[in-house]
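Please consult the sequence and the coordinates while reading.

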Amino acid sequence: MTVLLGTIVVFFLLITFFTVVWFVLVAISDYKINSWLKKNRLGKWEELSSIGRSGPGFINPKRAYNYIYSNEDDDKIEISKLKSSYRRKSKILKYLIIVLILSFVFLFLAIFVLK
């Protein structure tokens, strides 16, 4: 029984590690998109990073999400590659988070059942 619990703990730790690493990769992709926008499309960057009357430089996830999943600027190869990379990485991150939550539940069930 302790072998099963140990296996579940190792699996949970591995999934946690991969989720954190993948989250960092998604954040780097987000940074690359913001840097490209700030350098090449300052007006669009200001629009995406403004919240209310605060001005640009903040994070507005709703606007950024809508931009990343839109076809705007897809004619420019560099931003199109950055957006598709972000989409792919964020999709994998969503699956990793689901697996992490499920493994967390199984870990606690195993602790209480195998106690």
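Predicted model: local features only at pLDDT ≥ 70, side-chain atom pairs only at ≥ 80, totals over all residues.

## Helix H1 and its buried residues

Helix H1 covers residues 2–40, which makes 39 residues, and the distance from its first C-alpha to its last is 57 Å, close to the 57 Å expected at 1.5 Å a residue. Its buried residues are Ile 8, Phe 12, Ile 15, Thr 19, Val 26, Ser 29, Ile 33, Trp 36 and Leu 37. An α-helix has 3.6 residues a turn, so residues three or four places apart point the same way.

Against what do the buried residues of H1 pack? Their partners are helix H2 (42–48), helix H3 (61–68) and helix H4 (77–113).

## Two buried serines

Ser 29, a residue of helix H1, has a relative accessible area of 4% and is therefore counted as buried, the cut-off being under 20%. The side chain of Ser 29 makes a polar contact of 3.3 Å with the side chain of Lys 89. When neighbours within four places in sequence are left aside, Ser 29 is in contact with Ser 85, Tyr 86 and Lys 89.

Ser 103 belongs to helix H4 and counts as buried because its relative accessibility is 4%. A polar atom of the Ser 103 side chain lies 2.9 Å from the backbone oxygen of Leu 100. Apart from neighbours within four places in sequence, the contacts of Ser 103 are with Phe 11, Phe 12 and Ile 15; Phe 12 and Ile 15 are themselves among the buried residues of H1.

## Leu 37 and its surroundings

Leu 37 lies in helix H1 and, with a relative accessible area of 1%, is buried. Not counting residues up to four places away in sequence, Leu 37 touches Leu 42, Lys 44, Trp 45, Leu 48 and Tyr 67. The C-alpha atoms of Leu 37 and Ile 79 are separated by 8.4 Å, although these two residues are 42 residues apart along the chain.

## The cavity

How many cavities of 30 Å³ or more does the structure hold? There is one, and the largest cavity contains about 40 Å³ of space. Its lining consists of Asp 30, Ile 33, Asn 34, Leu 37, Leu 48, Ala 64, Tyr 67 and Ile 68, so that Leu 37, which is buried with a relative accessible area of 1%, is one of the residues facing this space.

Helices H1 and H3 each supply at least two residues of the lining of the largest cavity, and H1 gives the most, with four residues. By class, that lining has six nonpolar residues, one polar residue and one charged residue.

The largest pocket holds about 340 Å³ of space, and H1, H2, H3 and H4 are the elements that give two or more residues to its lining. The lining comprises 19 residues, and those nearest the centre of the pocket are Asp 30, Ile 59, Asn 60, Pro 61 and Ala 64.

Which classes make up the lining of the largest pocket? Twelve of its residues are nonpolar, five are polar and two are charged.

Terms used:
Residues numbered from 1 in each chain as written. Heavy atoms only, no water. Expected span 1.5 Å × (residues − 1). Buried < 20%, exposed > 50% of the residue type's maximum accessible area, 1.4 Å probe, protein only. Contact = heavy atoms within 4.5 Å. Polar contact = N/O pair within 3.5 Å; in protein donor to acceptor, adjacent residues only side chain to side chain. 1 Å grid on protein atoms, 1.4 Å probe; cavity = no way out; pocket = protein on both sides within 12 Å on 5 of 7 lines; lining within 4 Å. Points joined across faces, edges and corners; volume = space filled by probe spheres on them. Nonpolar A, V, L, I, M, F, W, Y, C, P; charged D, E, K, R; others polar.
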